[in-house]
Amino acid sequence: MTTRIVELRQGILKKNDELARVLRQKFTSAGVLVLNLVSSPGTGKTAFLERTLRELLAHGGRPAALVGDLETDNDARRLAASGAPVRQINTHGICHLDAEMIERHLTGWEGVELGGLDYLFIENVGNLVCPSSYDLGEKIRVALLSVTEGEDKPLKYPTLFNSADAAVITKMDIAEPCGFDRELALRNINEIRPGIRIFETSSKTGAGMEEWLAYLQEMRKL
Amino acid sequence: MHELSIVSSVVDSVTESAAAYPGARVLEVRLRVGALASVVVDSLEFCWGIATEGTSIEGAKLVVKTVPVVVWCEPCGKASELEGVQSFRCPLCGELTIDVRQGRELEIESIEIDEAGEAGKAGEAEGIGKTEGAEVPR
């Protein structure tokens, strides 16, 4: 037996990372701000995105959304009611979106050219673990959590929160009856991702949306 | 639970790399997985058998080395290892830091191959000595 060690030192997700880099360049040169929205199932990503799309359209913005789910196009139909172009990505059992799925769904998207968009939102599959490993070429990764989920969620899922660029707390309108400890939640987010921008929102009342929209505009100009 | 996808990517890459050594058998595949990689080592090991079955690397052993998180602290001017991932504070001064220098790794470090492979079994029986390749320090 003649054994030998062959050094490889290559990223396991090299193919995904390379494609994500290509997508990122494409998004930058098209002038579209791309955001990857990640949360548990039930946090209210779709409601938050729906409100965001409506408000951006009302302010003359040109948003679009790709929405990932294991099955059904329910979310895409719900979001399309806002008037923005929306395309569903069904992963058929896969627990996360990857760069290849994004590339495939950007191709042949009727009526949508990247150059004609200001914002592209990617609503990831509801999951706080797996999506954190996959770069989609986004500029901003947004971690969402709702007031019903427990203030220690950032501590339980540090990888996602640590790799996020912005955090959104949803359902603030029911914070009080839920006994949500706001200070503790903010402190926990900050412990995992110091200095991150945090938006306290309600898709129902519209609280915090103004600040969120201002942030989007600001990030698009960068 | 994306460990099966991760392991499948490993199998693809290793199969590809091993193809450069015709007739060789892959004995071991060594991974480096960061504490912040969101990957469960037990699940990787569990999926390994399933993912390698029927491939050219079937029977190879999977060895996973976990890599702790290392952060850089600006005020201290030092890099330190974190004990956990519940708080991103410099263990020396307690200051919060966003500068993660290590711990996100998800990579194939190396593979160990038997160059004689199947074809070399006869030679092995005849007492041809074993030469162990030296591991290059990182």
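Hi everyone, let me open with a helix check: helix α2 of chain A, residues 45-58, has 14 residues and at 1.5 Å a residue should span 20 Å, and its end C-alpha atoms are 20 Å apart, which agrees. The expected span here is 1.5 Å times one less than the number of residues. Helices (H or I, at least four residues) and strands (E, at least two) are DSSP runs, numbered from the N terminus.

A word on provenance. This is a predicted model, where local features need pLDDT of at least 70, side-chain atom pairs count only at pLDDT 80 or more, and totals for chains, interfaces and linings use all residues. Residues are numbered from 1 along each chain as its sequence is written, while chains are lettered from A and ligands numbered from 1 in the order in which they are written.

Back to α2(A). Its buried residues are Lys45(A), Thr46(A), Phe48(A), Leu49(A), Glu50(A), Arg51(A), Thr52(A), Leu53(A) and Leu56(A). By buried I mean that 20 or more other C-beta atoms lie within 10 Å of the residue's own; exposed is 12 or fewer, partly exposed is in between, and C-beta atoms are placed from the backbone. After α2(A) comes Gly60(A), with a positive phi near 80°.

Leaving aside neighbours within four places in sequence, Ala65(A) is in contact with Leu49(A), Leu53(A), Leu79(A), Ala84(A), Val86(A), Phe121(A) and Glu123(A). Contact means that the C-beta atoms, placed from the backbone, lie within 7 Å.

Ala65(A) also belongs to the largest nonpolar core, which has 89 residues; Ala65(A), Ile122(A), Val142(A), Ala143(A), Val10(B) and Val14(B) have the most contacts inside it. The helix that gives the most to this core is α1 of chain B, residues 3-18, with six residues. A nonpolar core is a set of buried Ala, Val, Leu, Ile, Met, Phe, Trp, Tyr and Cys residues joined through C-beta atoms within 7 Å.

Now the sheet in chain A. Seven strands make an open, parallel sheet in the order β4-β3-β5-β2-β6-β7-β8. At the edges are β4 (86-90) and β8, each pairing on one side only. Ignoring direction, neighbouring strands are turned by 20° against each other on average; the axes are lines fitted to C-alpha atoms, for helices over the stretch in contact, with angles from 0 to 180 degrees between N-to-C directions. Pairing requires at least two DSSP bridges between two strands. For example, β6 (residues 140-146) and β7 (residues 166-170) of chain A are parallel over five bridges, and Leu145(A) has Ile169(A) as its bridge partner in β7(A).

Is Ile198(A) buried, exposed or partly exposed? Ile198(A) is partly exposed, because 18 other C-beta atoms lie within 10 Å. Not counting residues up to four places away in sequence, Ile198(A) touches Ala167(A), Ile169(A), Leu186(A) and Ile189(A). Between Ile198(A) and Ala166(A) there are 6.1 Å, C-alpha to C-alpha, although they are 32 residues apart in sequence.

On to chain B, with three helices and six strands, running α-β-α-β-β-β-β-β-α from the N terminus. Of its 138 residues, 35% are buried.

How do the chains meet? The contact takes 28 residues from chain A and 37 residues from chain B. On the chain A side, β1(A) provides the largest share, nine residues. That side divides into 13 nonpolar, ten polar and five charged residues; Ala, Val, Leu, Ile, Met, Phe, Trp, Tyr, Cys and Pro count as nonpolar, Asp, Glu, Lys and Arg as charged, and the others, Gly among them, as polar.

Gly11(A) has Glu107(B) as its bridge partner, and Gln10(A) stands opposite Ile108(B). Within chain B, β6(B) pairs with β1(B), antiparallel over eight bridges, with Glu28(B) opposite Glu112(B). As for cover, nine of the nine residues of β6(B) are buried.

Last, two phi values to look at. Most residues other than glycine have a negative phi. Thr72(A) has a positive phi near 70°, and Ser38(B) has a positive phi near 60°. Thr72(A) is exposed, with 10 other C-beta atoms within 10 Å, whereas Ser38(B) is buried, with 25. Thanks, everyone!

Note on methods
Contact = placed C-beta atoms within 7 Å.
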